[in-house]
Amino acid sequence: MAAPKFHSIDELFEYLPEEERSLALALRHEILSCIPNAREYLAYQVPFYKVNSRICFLWPASVPWGKRMTYEGVRLGFTEGYRLNDVWNYLQRDSRKRVYWRDLTDLSEGDREIIRALLYEAAELDR
């Protein structure tokens, strides 16, 4: 399966299945609410968010990394995740040293609270 090529963020969101689109848009809202001065742009065919440097990204499962999907839902990744004080042990890292993430298939209020705290901290670290 060839990875799709998008020319804009809107084109990416239009491509996504409804459940992924809804979740990705909700996460996008959280990111832009917590980091209102973040610039949103496409990299690797997915949305990244930065102020001074890359802070986080959204990676919908329908946009494969390589040749296949390896998870479901939407991955919220923090490019400097290793620097975050993740007291909830919320983020995954496997063997990655810097980038930490959470794969989501829905977004509970508990998820939102933790994500907001992590976004605020990540933005502060970016200053």
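**View 1. Ala24, a buried residue of helix α2.** Ala24 sits in helix α2, in what is a predicted model. Helices here are DSSP runs of H or I with at least four residues, strands are runs of E with at least two, and both are numbered from the N terminus. With a relative accessible area of 0%, Ala24 counts as buried; the cut-offs are under 20% for buried, over 50% for exposed and partly exposed in between, using a 1.4 Å probe and protein chains only. Skip the neighbours within four places in sequence, and Ala24 is in contact with Phe13, Leu16, Leu58 and Val74, where contact means heavy atoms within 4.5 Å. Val87 is another story: 63 residues separate Ala24 and Val87 along the chain, and their C-alpha atoms are 24 Å apart.

A word on the numbers behind these views. Residues are numbered from 1 along each chain as its sequence is written, and side-chain values use heavy atoms, with hydrogens and water left out. Because this is a predicted model, local features need pLDDT of at least 70 and side-chain atom pairs count only at pLDDT 80 or more, while totals for chains, interfaces and linings use all residues.

**View 2. Leu27 and its contacts.** Leu27 also belongs to helix α2. Its relative accessibility is 1%, so Leu27 counts as buried. Apart from neighbours within four places in sequence, Leu27 touches Leu58, Val74, Leu76, Leu104, Leu107 and Ile115 by the contact criterion. Arg75 is 48 residues from Leu27 along the chain, with 9.7 Å between the two C-alpha atoms.

**View 3. Helix α2 packing on helix α3.** Here α2 (residues 18-34) meets α3 (residues 109-126) at an angle of about 40 degrees, with 9 Å between the axes. The axes are lines fitted to C-alpha atoms over the stretch in contact, and angles run from 0 to 180 degrees between N-to-C directions. That angle makes α2 oblique to α3: under 35 degrees would be roughly parallel, over 145 roughly antiparallel, 65 to 115 roughly perpendicular, and the rest count as oblique. The crossing of these two helices is right-handed, meaning that the near helix is turned clockwise from the far one by less than a right angle, with anticlockwise being left-handed. On the α2 side, Ala26, Leu27, Glu30, Ile31 and Cys34 make the contact. Their partners on α3 are Arg112, Ile115, Arg116, Leu119 and Tyr120.

**View 4. A cluster of aromatic rings.** Searching the whole structure turns up 6 aromatic pairs. Rings of Phe, Tyr and Trp (its six-membered ring) pair if their centres lie within 6.5 Å; planes under 30 degrees apart are stacked, over 60 edge-to-face, and the rest tilted. Tyr44 and Phe48 have ring centres 5.9 Å apart and planes at 50 degrees, so this pair is tilted. Tyr44 is exposed at 52% relative accessible area, whereas Phe48 is buried at 4%. Phe57 and Trp59 form an edge-to-face pair, with 6.2 Å centre to centre and 85 degrees between the planes. Both Phe57 and Trp59 are buried. Ring pairs tie Tyr41, Tyr44, Phe48, Phe57 and Trp59 into a cluster.

**View 5. Two arginines over rings.** The charged end of Arg54 sits over the ring of Phe48, 4.5 Å from the ring centre. Arg75 does likewise with Tyr71, its charged end lying 4.1 Å from that ring's centre. To count, NZ of Lys or CZ of Arg must be within 6 Å of the ring centre and within 35 degrees of the ring normal.

**View 6. The loop between β4 and β5.** This loop runs between β4 (74-78) and β5 (100-104), and Glu80 lies in it. Glu80 is partly exposed, at 24% relative accessible area. Beyond neighbours within four places in sequence, Asp86 is in contact with Leu91 and Leu118. Asn89 is in this loop too, but exposed at 65%. Its phi is near 55 degrees, a positive value in a residue other than glycine.

**View 7. Gln45 in the loop between β1 and β2.** Gln45 is placed between β1 (39-43) and β2 (46-50). Phi of Gln45 is near 70 degrees, again positive in a residue other than glycine.
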